[in-house]
Amino acid sequence: AGWIVATADNGPHPFAIIDKAGAHVYLFQPAGRLLAASPVLLGFARGDDSVTGIGLRPIAEVRPSERTTPAGRYVARPGRNAQNDDVLWVDYDAAVSMHRVRATEPREQRLARLASPSPRDNRISYGCINLPGAFFDHHFWPHFGAGTSVIYILPETKPLAAVFPAAATIVAAGV
């Protein structure tokens, strides 16, 4: 967050940092004030890249090993998904969005996973970032549903410098 604010990398837009290892999202106003934080659900598979062409495939054809939440910097925009739900499109081509958790399959226990204290069980999605419904409605959507935002998803398998070279340089310098 310090690097983002120091370099104004987010421009005039609100930004979010997603810590995949901790399964948490941190929401910030454009000047860097923390707005809120919450646990999240993430892609089932560890990894920092989306499979090429994944957004064009039917969901039933996506293998568990391909269900990653990609790391990187994304200029995101609000929209709607195929079910006409509010979503923030993080990577439209890869079909990665941030949205309310959908607890449609009881055996997945998505709500229980969000409520658990351990981030280890928060890996269940196809790559999207699932937010608790009340958090989405009261904290996320009022700031991120109004227009452009910037989403930073921290890597879990690659070094920070491989995904955010400028940030790694500043962090190493102690900023």
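**Contacts, cores and loops in a predicted model**

Trainee: Which residues is Ser-149 in contact with, leaving aside its neighbours within four places in sequence?

Mentor: Ser-149 is in contact with His-13, Pro-14, Tyr-74, Val-75, Ala-76, Leu-88 and Phe-144, where contact stands for heavy atoms within 4.5 Å. Bear in mind that this is a predicted model, in which local features need pLDDT of at least 70 and side-chain atom pairs count only at pLDDT 80 or more, while totals for chains, interfaces and linings use all residues. Residues are numbered from 1 along each chain as its sequence is written, and side-chain values use heavy atoms, with hydrogens and water left out.

Trainee: And is Ser-149 buried or exposed?

Mentor: Ser-149, which lies in strand S10, has a relative accessible area of 0% and therefore counts as buried. The classes are buried for under 20% relative accessible area, exposed for over 50%, and partly exposed in between, with a 1.4 Å probe and protein chains only.

Trainee: What about Gly-72, where does that one lie?

Mentor: Gly-72 lies in strand S5 and is buried as well, because its relative accessible area is 8%. Leaving aside neighbours within four places in sequence, Gly-72 is in contact with Ile-151, Tyr-152, Ile-153, Val-163 and Phe-164. Gly-72 and Pro-155 are 83 residues apart in sequence, yet their C-alpha atoms are 7.4 Å apart in space.

Trainee: Let's zoom out: how many helices and strands does the protein chain have?

Mentor: There are five helices and ten strands, all taken as DSSP runs numbered from the N terminus, with helices (H or I) of at least four residues and strands (E) of at least two. The radius of gyration of the protein chain is 15 Å, close to the 16 Å that the globule rule gives for 175 residues, so the chain is as compact as a globular protein of that length. That radius is taken over C-alpha atoms, and the globule rule is 2.2 Å times the number of residues to the power 0.38. Along the principal axes, the C-alpha atoms fill a box of roughly 45 × 35 × 30 Å.

Trainee: How much of the chain is buried, by residue?

Mentor: Buried residues make up 42% of the 175 residues. Of the contacts in the protein chain with a separation of 6 or more, 59% are accounted for by residues 24 or more positions apart.

Trainee: Which residues have the most contacts inside the largest nonpolar core?

Mentor: That core has 26 residues, and those with the most contacts inside it are Val-25, Met-98, Ile-129, Leu-131, Phe-140 and Ile-151. A nonpolar core here is a set of buried Ala, Val, Leu, Ile, Met, Phe, Trp, Tyr and Cys residues joined through side-chain atoms within 4.5 Å. Helix H3 (133-144) gives the largest share of this core, five residues, and the elements that each supply at least two residues include H3, strand S2 (24-28), strand S9 (129-131) and strand S10 (149-153).

Trainee: Where does Pro-64 lie?

Mentor: Pro-64 lies in the loop between strand S4 (42-43) and strand S5 (72-80), and at 41% relative accessibility it counts as partly exposed. Apart from neighbours within four places in sequence, Pro-64 is in contact with Phe-44 and Ala-45. From Pro-64 to Ala-8 there are 56 residues in sequence and 37 Å in space, C-alpha to C-alpha.
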